[in-house]
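Welcome! Here is a short briefing to read alongside the sequence and the 3D view.

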Amino acid sequence: MSAVASLSRIGFIGAGRVAQTLASAFARSNYQVVAVSSRSQANLAGFCARFPAGRGELAAGSPQEVVDRSSIVFLTVSDDAIAPVCASLKWRAGVAAVHCSGATEIAALQSAREAGAFVGAFHPMQMFANPDVALASLPGCTVGIESDEELRDDLHDLARAIHCVPFSLPPGVRPLYHASAYYVGPFLVALLSEGSKLWKRFGATERQAMKAMMPLLHGTLAAVMDDGLARGMGGCVARGDIGTIRKHLDALENFDLPAASLYRELAARNVPLALERGTLSPASAKKIQELLQH
């Protein structure tokens with residue numbers, strides 16, 4: 001049985017892209033979004049525009065008014081602001097205080113806990129560059145959840161209600177968990193940018209490069225989902241094709257030395273996967289490693 005009286009009245013302190021996405025998702029799942037506060041008038045306007053006029057549920061006000069009106073309060077402020085914003089508010093017993101940071105421990109909400117509130121973290125593993133795109137991509141994504149025991153089932157239910165997959169995180173792992181997301185989020189964008197730069201070298205535009213590389217990316221993801229990381233990986237390292245690796249390095253070193261260094265680092269990470277895949281012999285692996293180190 002839930003220790004929280006009701007999670008039907010949801011409030012947000014902070015009205016940026018994460019808040020706009022989650023508020024829209026909760027509303028679509030028949031939860032009431034009743035209060036919002038933001039220092040940014042532009043964010044506040046964007047948030048409120050997502051709710052039909054005249055319904056009467058949503059009220060914009062101060063952070064304290066959000067706490068007073070809501071049964072669960074999402075602190076969707078910057079990571080560094082979570083603790084001071086939380087500490088500035090008067091919490092009451094039974095309300096839930098939840099942040100949406102991936103790397104911040106729930107100890108940042110200790111002042112709410114001391115006042116009798118239940119605390120937790122609700123972090124969707126999703127890019128939030130555009131709330132409309134994020135909302136469309138939200139179903140199926142994992143939500144990393146850490147909370148007081150009394151709140152855990154409620155947060156899991158909230159994740160399922162917006163068609164996400166709840167995953168319970170043990171205490172103390174949030175920075176490591178959050179870092180993992182960067183390899184398929186911002187770091188992936190950086191790798192796509194590196195590939196795009198090579199296309200620009202021979203006259204293509206960024207849009208042309210993305211149009212060419214997206215089917216390959218989708219195919220790579222499909223192969224990995226079908227057969228795992230090692231067996232889903234193709235390419236010259238997996239084949240033991242040392243001649244092609246040498247050609248790549250020669251071309252990259254003539255183009256940009258940092259790009260060649262990045263290639264060497266990433267190709268080296270392919271070697272143990274290729275060995276696990278069974279298509280690369282230990283002898284060929286050694287030759288590739290030697291080539292990459294030069």
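The chain has an accessible surface of about 15600 Å², and 57% of that belongs to carbon and sulfur atoms; accessible areas come from the Shrake-Rupley method with a 1.4 Å probe, and for residues only the protein chains shown count as cover. Please keep in mind that this is a predicted model, where local features need pLDDT of at least 70 and side-chain atom pairs count only at pLDDT 80 or more, while totals for chains, interfaces and linings use all residues. Residues are numbered from 1 along each chain as its sequence is written, and side-chain values use heavy atoms, with hydrogens and water left out.

**Overall build**
- Along the principal axes, the C-alpha atoms of the chain fill a box of roughly 65 × 40 × 35 Å.
- You will find 14 helices and 8 strands in the chain; these are DSSP runs numbered from the N terminus, with helices being H or I of at least four residues and strands E of at least two.
- Of the 294 residues, 40% are buried, where buried means under 20% relative accessible area, exposed over 50%, and partly exposed in between (1.4 Å probe, protein chains only).
- Among contacts (heavy atoms within 4.5 Å) between residues at least 6 apart in sequence, 61% join residues at least 24 apart.

**Nonpolar cores**
- A nonpolar core is a set of buried Ala, Val, Leu, Ile, Met, Phe, Trp, Tyr and Cys residues joined through side-chain atoms within 4.5 Å.
- The largest one has 33 residues, and those touching the most other members are Phe12, Phe26, Phe47, Ile72, Phe74, Phe122 and Leu158.
- Helix α1 (residues 17-28) gives this core its largest share, 6 residues.
- Another core of 20 residues lies apart from it, and its members include Leu75, Val95, Ala108 and Val119.
- Beyond its neighbours within four places in sequence, Phe12 is in contact with residues including Leu22, Phe26, Phe47 and Phe74.

**A surface spot**
- Val184 sits in the loop between α8 (174-182) and α9 (186-201).
- Val184 is exposed, with a relative accessible area of 61%.

**Cysteines**
- Counting a disulfide as a pair of cysteine sulfur atoms within 2.5 Å, the total is 0.
- Cys86 is in no disulfide, and the nearest cysteine sulfur, that of Cys100, is 13 Å away; Cys86 is buried, with a relative accessible area of 0%.
- Cys164 is in no disulfide either, with the nearest cysteine sulfur, that of Cys141, 3.7 Å away; Cys164 is buried, at a relative accessible area of 6%.
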